[in-house]
Amino acid sequence: MTAIITGTGLYTPPASITNEELVASFNRYVELFNERHATEIANGEVEALQPSSVEFIEKASGIRSRHVMDKDGILDPERLCPRLPDRSNDEFSIQCEMSVAAAREALSQAGRTTGDVDAVIVACSNLQRAYPAIAIEVQEALGIDGFAYDMNVACSSATFGIQAAANAVENGTANAVLVVSPEICSGHLNFRDRDSHFIFGDACTAVLVERDDQVAAGQGFEILGTRLKTKFSNNIRNNFGFLNRGDESGIGKPDKLFVQQGRKVFKEVSPMVAELIVGHLESLSLSADDLRRMWLHQANLNMNQLISKRVLGREATTDEAPVILDEYANTSSAGSIIAYHLNKDDFVADDLGVICSFGAGYSIGSVVVRKR
C-alpha cells in the first residue's frame, strides 16, 4: 500500500503586520523603557535597550511581514502580546477553528468529505492545552468517526505527522488521515527581544494522506519516502510547562517564551539538513538533479539559500526553492507546508520534490514526493 497526498489546505489569519509597523511599536517600547529606567541606566545598574530597524530585520531573516491572530495587542507598546481571550469549555478552541478551516480546504481539493477520513493528527509546536487533545476536538468539530491525537516535534511537527499518517495508511490502520498544523507562534514570541521580535507569524495548514488504491490515477503526490532525524540541542528552547508554578522564581522569565542562539542554529542545522536531504535522495536511488522543487522550512532566507545551494551544488532559483516567509514569516511547522500548498499546482506527472522542515530539537523531517 502506498500513501498519497491528495489535498492541502491553508488558513491565513486576516490581520497582517508589516516590518514598519512592528519596528515602530518595538522602538516606542524601547523609548518608554529607557525613559522609565533612566536613573538606573545612568548608574550602570540597567542596560539601555537598543532600537530595531526594518533594514536589520530584512537582512537577518528575509521577513517583510507576518499574519497574526491579533494585531492590536502585539502593536501596543505597553503590552507587546496578542490578546486572545479564554473561551468557555463549550466553545471550540482557536486552534480547532483554524484547523477546521484548513482541513475543509484540503478535503475540497481532494474531492473528499469528512466521512472519508479515519484519523486526525494535530502536529504543531505549541498546543493550547494538555487535554483533551486538540486533535480530538478537531475530529469532533468535523464529525469524523475514527481516532485522533496530538504530536509535537516543534518546527518539524508537520513532516513527522505526514510520516505518521503515511505509516497508518500503509499498514492499514486508516484509509485517510488529516495532518493539521495550527500554529499561533505569536503566542510564544517575546516581542520585547530585539533579536527575535520579528521572527514569527500565525497560520494553519492541513494535509490529507490517503491509500493509493482509493485515489484516481494522476491525482495527488505519491510519498516515495520519509526520513526523520533528531539531535538534542539547547540552542532553540522554550521552558514553558505545567511544572512552572512549582518554582515561582521562574514565572515570567524570558526562557518561558521562545529563545534561541541564532548564529549557532544557522551554523549547526544548515549542514545537517543538506546532508539529510542528499542522503534521503540517494536511499531512493535519486539525486538532487532529479528534483524539480524543494519546499523548505520557512524560518530564515539565508539559511534556505545555503541549504539549497549545498543540495544542488549551485544557487537555487526561487522556482526551485520557493519563498513564502517574506509574507508569512516563520510559522514553525506550517512553513514548509505553506510553501508546498502554494507552489505545487504547476507540477506534471513524475515531477519530483522534497518537503523538508527543521528546527528546535534539533529536528529534521524530509518527505520526498512524486506527482502522479
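Tutor: Helices here are DSSP runs of H or I with at least four residues, strands are DSSP runs of E with at least two, and both are numbered from the N terminus. This is a predicted model, in which local features need pLDDT of at least 70 and side-chain atom pairs count only at pLDDT 80 or more, while totals for chains, interfaces and linings use all residues. Residues are numbered from 1 along each chain as its sequence is written, and side-chain values use heavy atoms, with hydrogens and water left out.

Student: Does Val-68 count as buried or exposed?

Tutor: Val-68 is placed in strand 3, residues 65-68. Buried means under 20% relative accessible area, exposed over 50%, and partly exposed in between, with a 1.4 Å probe and protein chains only. The relative accessibility of Val-68 is 2%, so Val-68 counts as buried.

Student: What separates the C-alpha atoms of Val-68 and Phe-200?

Tutor: Contact means heavy atoms within 4.5 Å. Leaving aside neighbours within four places in sequence, Val-68 is in contact with Pro-13, Ala-15, Ile-17, Ile-74, Ser-186 and Asp-202. Phe-200 is 132 residues from Val-68 along the chain, and their C-alpha atoms are separated by 8.8 Å.

Student: How many residues of helix 11 are buried?

Tutor: Helix 11 covers residues 334-342 and is mostly covered. Its buried residues include Ala-334, Ile-337, Ile-338 and Tyr-340.

Student: At what angle do helix 8 and helix 9 pack?

Tutor: Two packed helices are described by the angle between their axes and the distance between the axes. Axes are lines fitted to C-alpha atoms, for helices over the stretch in contact, and angles run from 0 to 180 degrees between N-to-C directions. For helix 8 (residues 262-283) and helix 9, the axes are 9 Å apart and the angle is about 35°.

Student: How many nonpolar residues does the contact of helix 8 with helix 9 have?

Tutor: In helix 8, the residues involved include Val-265, Phe-266 and Val-269, and in helix 9 they include Met-303, Leu-306 and Ile-307. Ala, Val, Leu, Ile, Met, Phe, Trp, Tyr, Cys and Pro count as nonpolar, Asp, Glu, Lys and Arg as charged, and the others, Gly among them, as polar. By class, the contact has two polar and one charged residues, and its nonpolar number is twelve.

Student: What is the orientation of helix 5 to helix 6?

Tutor: The axes of helix 5 (residues 94-110) and helix 6 (residues 134-142) come within 9 Å and cross at roughly 55°. Angles under 35 degrees count as roughly parallel, over 145 as roughly antiparallel, 65 to 115 as roughly perpendicular and the rest as oblique. The orientation of helix 5 to helix 6 is therefore oblique.

Student: Is the crossing of helix 5 and helix 6 left-handed or right-handed?

Tutor: A crossing is left-handed if the near helix is turned anticlockwise from the far one by less than a right angle, and right-handed if clockwise. The crossing of helix 5 and helix 6 is right-handed.

Student: How many disulfides does the structure hold?

Tutor: A disulfide is a pair of cysteine sulfur atoms within 2.5 Å. The sulfur of Cys-96 is 9.9 Å from the closest cysteine sulfur, in Cys-204, which is too far for a bond. The sulfur of Cys-124 also has its closest cysteine sulfur in Cys-204, at 8.2 Å, again too far for a bond. The number of disulfides in the structure is zero.

Student: What is omega for the peptide bond between Gly-361 and Tyr-362?

Tutor: Most residues other than glycine have a negative phi, and most peptide bonds are trans. Tyr-362 lies in the loop between strand 12 (352-359) and strand 13 (363-371), and Ser-233 is in contact with both Gly-361 and Tyr-362. The bond joining Gly-361 and Tyr-362 is cis, with omega about -5°.

Student: What is phi of Ser-332 near?

Tutor: Ser-332 is found in the loop between helix 10 (325-328) and helix 11. At 2% relative accessibility, it is buried. Its phi is positive, in a residue other than glycine, and is near 55°.
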